[in-house]
Structures are given as structure tokens and as C-alpha cells.
Amino acid sequence: MKKMFWTLMVMLLTVSSVSAQQKPLVLGKSHAMQRVEVKNHYLLLPVQEREDNANIRVLVGGQQVQSMNIRLAVDKVDYYVPLDIQRFGTKDLLLDIMFYGDRRFTGAMKDFLCWQEMKQSNTFDTTNREKFRPQYHHTPAYGWMNDPNGMFYKDGVYHLFYQWNPYGSMWENMTWGHSTSRDLIHWETQPTAIEPDALGDIFSGSCVVDQKNNQVVAFYTSAGRSQVQSMAVSKDNGKTFEKYAGNPILVSKEEDFRDPKAFWNADIQRWNLILAVGQEMHIYSSDNLKDWTYESAFGKEYGCHDGVWECPDLMKLPVRGTGKQKWMLICNINPGGPFGGSATQYFIGDFDGKKFVCEHTDTRWMDYGKDHYATVTFDNAPEGRHIALAWMSNWQYANQVPTKQFRSANSIPRDLDLFEYNGQTYCGVTPSKEMLALRGKTGNKLPQTGELIIDLKGSTEITFSNSLGEQVVMEYDAVKNTFSMDRSRSYASFSEAFPCKTVAPTYGAMKQLRIFIDHSSIEAFDAEGRMAMTNLVFPTEPYSQIKVTNNAKVTIYPF
Ligand code: FRU
């Protein structure tokens with residue numbers, strides 16, 4: 001395998017050593033304590049994914065300094081996760097552990113494998129061990145990832161934060177992980193950005209570059225006893241954040257109250273913030289980023305309401321070739337997507353800093369695949385661009401996809417704009433120009449990672465297959481003006497919801513397709529940016545053959 005494009009973090013490579021733990025103190029059926037004498041940087045915790053979560057409270061002198069949920073190994077170790085034990089600045093830690101599984105199925109706690117397998121070490125190896133790990137898409141070095149959060153651009157660097165579980169590859173312990181890039185393709189893992197506190201786990205949110213005060217301000221949902229909005233300030237370009245002492249800054253009686261996206265609105269010379277509240281979006285404004293005035297709600301009687309509205313975004317975009325500009329509101333919804341589960345819908349209209357007015361009544365999707373969710377854009381992107389990233393998965397099976405060391409990737413970066421078709425305005429999605437830099441020499445075989453360009457002369461079928469009979473079939477229908485991708489004959493035993501055929505409208509004739517292939521994804525775009533489709537695929541053996549009908553010309557760029 002070629003060198004990975006993302007940089008793996010190999011932590012503190014000093015002398016590595018392993019030291020046995022003392023025996024645990026077993027207290028009753030489900031409660032145990034484990035003393036840890038800190039000798040090394042990390043305590044490596046053994047995880048068994050099919051087990052229930054245990055809750056670990058890390059105590060120093062009787063005070064809780066950290067708490068997290070982790071599927072501690074009972075009789076098999078799937079992988080290890082590192083707990084930084086040096087950061088507490090003491091030699092003596094006490095782990096107070098509550099197990100939630102049923103002892104009839106697990107056996108006695110004293111026999112659990114985790115006691116034997118907890119180790120101390122100065123290193124944690126994040127070298128890739130997974131065949132489905134993407135090569136040029138962003139992934140976490142280890143652990144679970146969902147939504148992209150707090151994306152901003154400053155001084156030549158793109159910052160990407162993300163919903164992250166540092167203690168396992170299933171959703172839990174929401175923390176903001178952090179990666180940076182200069183070209184949106186090569187990502188470098190950075191230290192953890194924002195960690196859970198007594199207000200709750202750190203759910204999705206955004207960052208703004210506050211030029212006037214030379215700072216970056218993060219807004220996120222604290223998900224504890226209730227969902228409330230909090231903020232944190234960074235004076236070092238997003239490296240470290242200090243939580244605001246006046247948190248929470250927005251509260252509500254609504255249960256689903258989350259995912260704040262703030263932005264500077266030049267039209268009104270004020271800040272705006274949009275928030276997902278049940279099945280509506282609430283809009284606020286502010287002069288100082290701390291005090292927010294509620295302005296209006298949007299959503300009733302518009303778009304799809306078959307699930308909870310999440311992860312909003314709101315921006316002014318140019319309408320191609322017209323000199324006009326319009327506003328677009330992004331609304332991620334789960335479930336309720338066109339092919340089941342999660343998807344990104346959008347609304348086009350007008351916004352005066354207080355109220356968003358939608359100009360259409362139909363439901364519109366930004367991407368017609370099944371693995372495109374939580375889409376939001378970078379704050380302060382260069383050249384006035386609106387660059388979006390999506391989480392490349394679907395809540396229907398995200399926790400079950402066949403990876404262990406890490407779980408989930410982000411889509412390739414896409415630039416958003418608007419285009420007109422038959423008197424209506426739609427969202428245009430184009431692979432960001434940075435993707436062109438990956439093109440080198442052309443090849444003549446179907447690569448495991450690369451871009452295919454297909455010049456279309458009418459209806460065309462494109463099939464990827466391997467020697468095991470697994471295949472993905474794509475079809476452009478020039479009569480119906482649709483493009484489809486069928487992965488129902490690809491590996492899917494991990495979830496009944498995975499096999500599917502996704503279909504997109506093409507808004508007129510398509511002349512050229514751009515297809516990006518990585519180890520576990522296919523992203524297809526109309527080269528003119530009027531159709532996007534993102535789907536995961538897990539070929540047991542790489543797809544090695546490509547069949548194309550109707551004499552369509554294929555140009556292959558292996559990456
Ligand atoms: C969307 C979402 C958000 C929430 C986050 C929690 O995928 O459900 O609404 O903030 O994930 O991880």
C-alpha cells in the first residue's frame with residue numbers, strides 16, 4: 001500500500017515499557033476499583049466491542065478528574081485505547097469502575113480479561129492496520145468519528161475538528177478531535193481540542209475567526225442533563241481552547257437543542273447563529289458573540305420532517321453566470337434521508353439577518369448517496385469560497401461498518417455554489433480544486449484509489465467488480481435524466497440497511513462524470529457540479545475490473 005496521505009500520530013516515542021497492574025478491588029457484582037501507580041505516559045485499556053460499556057471515573061485524592069465510558073474487555077481484546085495518565089501530575093490514581101453488563105452472560109468480574117490486559121506504556125502505535133482505511137480522505141488516527149465540527153481557515157491552515165470517541169470505535173464520550181491541513185487533502189492529527197466537562201459531552205458546533213479580537217471562538221452543544229450551548233475561546237489559532245466561564249450561553253426546554261453554527265453577516269455587520277431545535281432551525285444575532293438575541297424560527301411546512309433536524313449552516317452564495325446571490329440554509333436530517341437514515345437537505349431563499357424566507361416548496365438533497373451527513377462549511381475560507389465537508393456515513397449502520405482501529409471518514413472537500421435550471425435555483429456541488437493536484441500520470445487499470453473521468457455520449461452503464469463477484473453498478477440514464485449507484489451486490493453482512501440503489505436527478509444532460517474511489521468509498525459528481533452522490537463500499541477484495549458501455553471514454557488517474 002502506498003504511503004497514507006494522512007499523518008499518523010505516533011505518540012511520544014521514548015522508552016516503551018509495560019508494567020503489570022495490582023489486583024483490582026472487586027466490590028459487589030458490578031463495581032470495582034483499580035489502583036494505578038503512574039510509571040508511564042499511557043494506560044492502555046483493552047476494548048471488546050460487543051461488550052456493554054463500563055464507566056470509569058479517574059480519581060486523584062478522592063476527586064474525580066475524568067470520567068468516560070468504555071467497553072472494557074471481558075474475554076477477548078479487539079484493540080487498545082490509550083488513557084493519558086501522566087497529565088494528572090500525580091503517581092497515584094484510582095480507577096472507580098462500574099460495569100453494566102449482565103453477569104449471567106459475562107461471568108464474574110474478577111475473571112474479566114481487562115485486569116490482565118491493562119498495561120502501561122510510553123507509546124501508542126497508530127500505524128494503520130485496516131484495509132478499508134481511506135488513503136486521501138480524512139480519518140481519525142484511532143477511535144470513532146462522526147460530524148465535522150468547528151471548521152475554519154486561518155493563516156494558510158484549514159482546521160477540522162470532529163466528533164470523536166478517544167476510548168473506542170463506537171459512538172461515545174463526545175470530544176472535539178482536531179486535524180489540520182494546508183491543502184484539504186493531507187491532514188495532520190493535533191492534540192485533543194475540547195473535552196467533556198460537568199456540563200456534558202461536547203457535541204457538534206462551529207468556530208468563527210474573530211478578526212477584531214484576534215481570536216477563534218468555538219460554539220458547541222454541552223450534552224449533559226440537558227442540551228445547552230457553550231463557547232470556548234482560542235488565542236493560539238485553535239491549538240488550545242479556554243471554556244467561557246459564563247457557560248451555558250443559550251438554554252431551552254426543548255430536548256433536541258443543538259449544533260450551533262455561527263458566522264459573521266457582512267450585510268448587517270453583526271454575528272448570526274443558527275441552531276437545530278427539534279424539527280426547526282432557530283436564528284439568533286449578536287454584537288459580541290456572548291449575548292444572543294432570538295430572531296426567528298424556520299422550518300414548519302418546509303422540506304422533510306421524517307426525523308430530527310441537526311447540524312445547520314447558512315450562507316450567501318453566487319448563482320452561476322447571473323451576477324445574482326441567494327442564501328442557502330443547510331439542514332441535516334436523521335432519519336428521513338431519501339434512501340433511509342441520514343442525509344443533507346437544503347433550502348434556497350433570502351435572509352435579512354433576522355428571518356430566512358424559503359423560495360420553494362419541494363424537498364431538495366445536496367447529495368443523493370446514502371453516506372453524506374452532517375455537512376457544514378469552513379468559516380473564513382479563502383477567496384470567498386464555501387468549502388463543505390460531510391461525514392461519510394449513515395447513522396443506520398455507522399457503528400457497524402467493518403473497521404475497528406478507527407471508524408468513519410470525511411468526504412472529499414466540495415465547493416458549493418448555486419445554479420439555475422428550469423426557472424429554479426439549486427445547490428451546485430463541485431470537488432474542490434485542491435483535488436486536481438492529486439492527478440498525476442494516467443493509468444489503464446481500475447485503481448484502488450484514484451479519480452476516473454468518464455466522457456458521456458448518452459446513457460451509460462459503469463460496473464466495478466472483483467473476482468468474488470462483488471460489484472457496484474452506476475448508470476446514467478439520459479432519457480430520465482438520472483444517475484444511480486447500486487451497491488446491493490457488494491459486501492454488506494454487517495447491516496441489513498446497507499445494500500441499496502441510490503438515484504439522483506441530473507438537472508439536464510450530463511456530459512462528464514468524475515468518480516473518486518478510495519478503499520471504502522465512491523463519490524460520483526457531474527463535472528459541471530449539478531449532481532453529487534457519495535456511497536461507502538467495502539469490497540472484500542479490491543474492485544479490479546471496470547466495464548463501461550456506449551463507448552464512453554474513460555480517463556484514469558491513480559492516486
Ligand atoms: C449528528 C449529531 C448531532 C450531535 C452529534 C453528536 O450526527 O447527532 O446532532 O451534535 O451528532 O455526536
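Begin by colouring the chain of this predicted model by its three domains, with domain 1 spanning residues 18-121, domain 2 spanning 143-430 and domain 3 spanning 439-558.

Next, select Ala 297, which you will find in strand E20, the run of residues 293-298. Is Ala 297 buried, exposed or partly exposed? Its relative accessible area is 31%, and because that value falls between the 20% and 50% cut-offs, Ala 297 counts as partly exposed. Showing the surroundings of Ala 297, and setting aside residues up to four places away in sequence, brings up contacts with Glu 280, Met 281 and His 282. For a distance to draw, take the C-alpha atoms of Ala 297 and Ile 274, which are 9.3 Å apart in space while the two residues stand 23 positions apart in sequence.

Now move to Asn 399, which sits in the loop that runs between strand E26 (387-391) and strand E27 (406-407). Although Asn 399 belongs to a loop, it is classed as buried, because its relative accessible area of 18% is under the 20% cut-off. Which backbone atom does the side chain of Asn 399 reach? Displaying the side chain of Asn 399 together with the backbone of Trp 171 shows that the side chain reaches the backbone nitrogen of Trp 171 at 2.9 Å. Trp 171 is also one of the residues in contact with Asn 399 once neighbours within four places in sequence are left out, and the others to select are Trp 144, Met 170 and Arg 407.

Terms used:
Residues numbered from 1 in each chain as written. Predicted model: local features only at pLDDT ≥ 70, side-chain atom pairs only at ≥ 80, totals over all residues. Heavy atoms only, no water. Domains from an automatic or database assignment. Helix = DSSP H or I, 4+ residues; strand = E, 2+ residues; numbered from the N terminus. Buried < 20%, exposed > 50% of the residue type's maximum accessible area, 1.4 Å probe, protein only. Contact = heavy atoms within 4.5 Å. Polar contact = N/O pair within 3.5 Å; in protein donor to acceptor, adjacent residues only side chain to side chain.
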